[in-house]
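Work through the exercises below with the coordinates open. Each task is followed by a stepwise solution.

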Amino acid sequence: MDPEVKNRPSTLAEKILRNHLYHKKSELPERGRYATFRPDRVAMQDATAQMAVLQFMNAGKQSTSVPTSIHCDHLICAKCGVEKDLPEAMKTNKEVYDFLGSAAARYGMDFWKPGAGIIHQIVLENYAFPGGMMVGTDSHTPNAGGLGMLAIGVGGADAVDVMTGMEWELKVPKIIGVHLTGELGGWASPKDVILKLAGILTVKGGTNAIIEYFGPGAESISCTGKATICNMGAEVGATCSVFPFDEKMAQYLEATGRAKEAAKARANSADLQADPEVLAEPEKYYDRVIDINLSELEPYVNGPFTPDAACPLSQMQSRVTENDFPADVEVSLIGSCTNSSYQDLARAAAVARAALDLGLEPKAKLIVNPGSERIKATAERDGILATLREAGAVIMTNACGPCIGQWKRQTDDNTRRNSIVTSFNRNFAKRADGNPNTHAFIVSPAVAVAFAFSGRFEIPAGLNAPEGPELPPEGFATCDSGMTSPKPGSPEPVISQSSERLQKLKPFEPWNGEDFIDLPLLIKVKGKCTTDHISMAGPWLKYRGHLQNISENLLLGAVDAFTGESGPVAPRAKELGQSIIVAEDNYGEGSSREHAAMEPRFLGVKVVLAKSFARIHETNLKKQGVLALTFADPLCYNRILSGDRITIRCAKIAPGHSLAVELRHADGSRETIYATHTYNEQQIAWFRAGSALNSLCRQ
Ligand code: SF4
């Protein structure tokens, strides 16, 4: 390595990465090169934990090598409110909860029962710490960056690497510096920082990058506000986001019972910031620097259908008219892992109180998903939930609910074009209620409540900007956290042969080392194809532990470039036996779910050839033994025709070398194009072995 690079001042992200290198004496490679790390902990939510635990069980270990937690939050359907929904979920998902609970007890993991809270809120309240590094089997794991932690969303197979104590590999990301000045005021909130940034960076702008915030404005934002901003870094494709340690973090640690962590961080404060040289000349050390003056920030309304369609509130009415968006807001959703802090709920309730005092009546339905039992108990004690109920709010379980499509929305007409607003983080078509006619817009919780009262995309006249304390003035309420610690000596989890929801995994076949000859085209996907399109959530969530059953949803949401339609793809995949998928840009963006990689593998897909990949999904494909290739010239996507047979000359695959792709068109004509890849030696070993897990088991 160039000694100048080695000795140069470091950004905060570089310091944390360096501290977590797997081989302590190694150096952090330059950005863009692979390195291996040893994260401090793993967190898994119930939908992804099933497959991760099934893989871990095949690795033959007695217990996890690092502290690990499982959180039951994704499988609970929001319908009538917590009182009815939670017992219903306990019944419906009993088999899965029993499996995860027994696996946690057996292998040494903390188990957070259904209703205890949402993974990222629980991690922030209990586990995250400044300067730490963790992975989580969920794309919003970066939420913990609000407490100065490098927290990265990964697929289950990556989590298994960390849980088994193996080296966990990551391409050292670029670092985007976001310089914050000024102070938030009026209706502007931390949410609006990331909504504005999403408009600047777009859904792809953070790909393979860490977003590192710095500057005087950063210190003015509450710890939980910082978490909101880091959470939604996933919406611009960032590997993760991080804030430097400050007093707001220390106060949050103390308020959540972690005074020792706060004292430790204060004592090491200099190591939990970028070096002074970096702050003095950021352009020299960050790959890109973006300035945001918080004092000038106004509330944003982002959407519909994509989180980067950013619009300042002052321009929203004309945008609605110009685009013919449904002008009435029918539902306001607040809470989720992104925005259910005490400050968020207190500000939302302050808006509701002021509106009620003005004599206004809510015109939209208000739905609240608190992030944890601790937040809920505190908001209940302090009258926050009572105020929201007075405004007509239904309090759902402390769980994901509508944010992951687990929402039995009651509507009079499913075919009517309609608008909803949400303080959640994603707004892809059909994500919340499964209805393509729903236009979902992302806003802060306070703005969501204001819109509920106007029933439109505007704040009612006379309603002033709300106040809301960052932390509960009387401290957090004490309550049953809902966590069970592991029990040494617990028995192996049992999986019934006849189960429809859980299935033991059979290792995938190794690659035979030969070229893939004449692969039939399974589908040429047109346009945006997120992991939601590849492996839908909603009703399919229940099959996340059963690879055969969930594979039936393969690419159900993807648009076929030749027909312009979406529909079942799995039957054709089974008929073909082996095949190839062709796709456009940022294929697999969105959630980290590895099912989107395991399903095609299970159904015989050998190769995915795309214009570009989302980072986590590309790694997931590699881990599951599917060859992830990129068009050397993205225009060659247009050369793929209906009925093509495609040969991939991969027998001599090597790092950095492109591969020939021979097309045999239905009319008999042939042509050759080229594909590139990002496989390193280790990843090629995974591909040879049939999967990363096969490779691990061989060692
Ligand atoms: S983003 Fe939504 S689905 Fe994901 S963890 Fe947060 S609340 Fe749950």
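## Exercise 1: two helices

α11 and α12 are roughly antiparallel to each other in this predicted model, and the task is to derive that relation and describe the contact.

Solution. 
- Step 1. Take the axes: those of α11 and α12 come within 7 Å and cross at roughly 160 degrees.
- Step 2. Apply the cut-off: angles over 145 degrees count as roughly antiparallel, and α11 and α12 are therefore assigned to that class.
- Step 3. List the residues: Met249, Ala250, Leu253 and Glu254 in α11 meet Ala259, Glu261, Ala262, Ala265 and Arg266 in α12.
- Step 4. Sort them by class: the contact of α11 with α12 has six nonpolar, no polar and three charged residues.
- Step 5. Inspect what comes after the helix: α11 is followed by Gly257, with a positive phi near 80 degrees.

## Exercise 2: the buried side of α11

Find which residues of α11 are buried and which helices they pack against.

Solution. 
- Step 1. In α11, which spans residues 247–255, the buried residues are Lys248, Met249, Ala250, Tyr252 and Leu253.
- Step 2. These buried residues pack against α9 (216–219), α10 (223–231) and α12 (259–267).

## Exercise 3: the core

Which residues have the most contacts inside the largest nonpolar core?

Solution. 
- Step 1. The largest nonpolar core has 228 residues, and Val449 and Val608 have the most contacts inside it.
- Step 2. Helix α16 (residues 342–357) gives the most to this core, with nine residues.
- Step 3. Val449 touches Ser332, Ile334, Ala348, Val351, Ala352 and Leu366, again not counting residues up to four places away in sequence.

## Exercise 4: domains 2 and 3

Describe the contact between domain 2 and domain 3.

Solution. 
- Step 1. The domain assignment gives domain 1 (3–295), domain 2 (299–454) and domain 3 (516–698).
- Step 2. The C-alpha centres of domain 2 and domain 3 are 36 Å apart.
- Step 3. Six residues of domain 2 are in contact with six residues of domain 3.
- Step 4. On the domain 2 side, the residues touching domain 3 are two nonpolar, three polar and one charged.

Methods: Residues are numbered from 1 along each chain as its sequence is written. This is a predicted model: local features need pLDDT of at least 70, side-chain atom pairs count only at pLDDT 80 or more; totals for chains, interfaces and linings use all residues. A nonpolar core is a set of buried Ala, Val, Leu, Ile, Met, Phe, Trp, Tyr and Cys residues joined through C-beta atoms within 7 Å. A residue is buried if 20 or more other C-beta atoms lie within 10 Å of its own, exposed if 12 or fewer, and partly exposed in between; C-beta atoms are placed from the backbone. Helices (H or I, at least four residues) and strands (E, at least two) are DSSP runs, numbered from the N terminus. Two residues are in contact if their C-beta atoms, placed from the backbone, lie within 7 Å. Axes are lines fitted to C-alpha atoms, for helices over the stretch in contact, and angles run from 0 to 180 degrees between N-to-C directions. Angles under 35 degrees count as roughly parallel, over 145 as roughly antiparallel, 65 to 115 as roughly perpendicular and the rest as oblique. Ala, Val, Leu, Ile, Met, Phe, Trp, Tyr, Cys and Pro count as nonpolar, Asp, Glu, Lys and Arg as charged, and the others, Gly among them, as polar. Domain bounds come from an automatic or database domain assignment.
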